[in-house]
Amino acid sequence: MAAWGCVAALGAARGLCWRAARAAAGLQGRPARRCYAVGPAQAKGPATCLIISLNSSVFLCPPLSWLSLQVDADQVILSHSPMKLFSEYHEKRMLVSGQGPVMENAQGLGFRNVVTVDELRMAFPLLDMVDLERRLKTTPLPRNDFPRIEGVLLLGEPVRWETSLQLIMDVLLSNGSPGAGLATPPYPHLPVLASNMDLLWMAEAKMPRFGHGTFLLCLETIYQKVTGKELRYEGLMGKPSILTYQYAEDLIRRQAERRGWAAPIRKLYAVGDNPMSDVYGANLFHQYLQKATHDGAPELGAGGTRQQQPSASQSCISILVCTGVYNPRNPQSTEPVLGGGEPPFHGHRDLCFSPGLMEASHVVNDVNEAVQLVFRKEGWALE
């Protein structure tokens, strides 16, 4: 099949890829962990795209030069990139949680009125009481000049979880005025947008590390315990959210249109190392595409359908690599993907668990083998 092929640098070059992609996007600080890489092959016929997920940013490469690190800003997708679609919140005063230059990153997504957790803590020092060394010796005068917060942005796991959890709860329970407080917490609460739902991720340690999904789990559990109600999200972004795959597909389509290619993209390949986020997300999107093809676009959960155009793709094939969270030779690895008993569900609360969605269409050793696999299946010449 003639194809619109999308490929990325190998895992061995990940550090350089991270820096290149984030610099192109104008983002700073610690990189987000999940990415897609897409880029066109020289073809105008029926289209295929390979989406590769590494442990950082997302970038689109020029024709078949999948080791190229020349990345433009409009070729980068991060887990929080779909927040650009939530324009109804871009002018609201939003509390942002994460680490690194979170204010600059939030502004880069379109949010123009942002306050950080640290700024909120400095404005209301009595809210942060866990660390004894940071407690004030005297009681400050109450403030009534701090503008009301109108929503919450959760970009990634913060450094001081206890501070962020406490202050986010204060904002939600006080309807945005944590210095005043309310006798009865409002419900529905202020809008919450969150990205990067991975419960775990793989670093240099032998076992997986806590991801932002673990932080979200903590926040949801605390809110439920305190109020007796469920924390709700206006949008959940990052894999395995369908919204993220729709955003990626829109970006691929715009790249094709910019090059004057009229052929629609019919087939996607998604490559990643995490069964719960990469494989589950790819298979969930494949399921969505199949239903959309036969019955029209189904209803989505948090975030709704914000795709600019209906999906032209008809399938999304999942490929699992064994160089990250999933390792078949490591008994401490995450849940088995092929065969075995029913695994524990590591996905987000708002995802419907289906064990079959964690079964990859293909399992290979690394990204290089994944690329070769797709080339063979599509009849592309390996140069």
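Modeller: At 8% relative accessibility, Cys-322 counts as buried (under 20% relative accessible area; exposed is over 50%, partly exposed in between, with a 1.4 Å probe and protein chains only). This is a predicted model, where local features need pLDDT of at least 70, side-chain atom pairs count only at pLDDT 80 or more, and totals for chains, interfaces and linings use all residues. Residues are numbered from 1 along each chain as its sequence is written, and side-chain values use heavy atoms, leaving out hydrogens and water.

Colleague: Thanks! Is Cys-316 buried or exposed?

Modeller: Its relative accessible area is 2%.

Colleague: How many disulfides does a search of the whole structure find?

Modeller: A disulfide here is a pair of cysteine sulfur atoms within 2.5 Å. Searching the whole structure with that rule gives 0.

Colleague: Is helix 4 parallel or oblique to helix 5?

Modeller: Helices are DSSP runs of H or I with at least four residues, numbered from the N terminus. Helix 4 and helix 5 pack at about 45 degrees, with axes 11 Å apart (lines fitted to C-alpha atoms over the stretch in contact, angles running from 0 to 180 degrees between N-to-C directions). Under 35 degrees counts as roughly parallel, over 145 as roughly antiparallel and 65 to 115 as roughly perpendicular, with the rest oblique. Therefore helix 4 is oblique to helix 5.

Colleague: Which residue with a positive phi follows helix 4?

Modeller: Helix 4 covers residues 161-173. The residue following helix 4, with phi near 60 degrees, is Asn-175.

Definitions and conventions
Helices (H or I, at least four residues) and strands (E, at least two) are DSSP runs, numbered from the N terminus. The expected span of a helix is 1.5 Å times one less than its number of residues.
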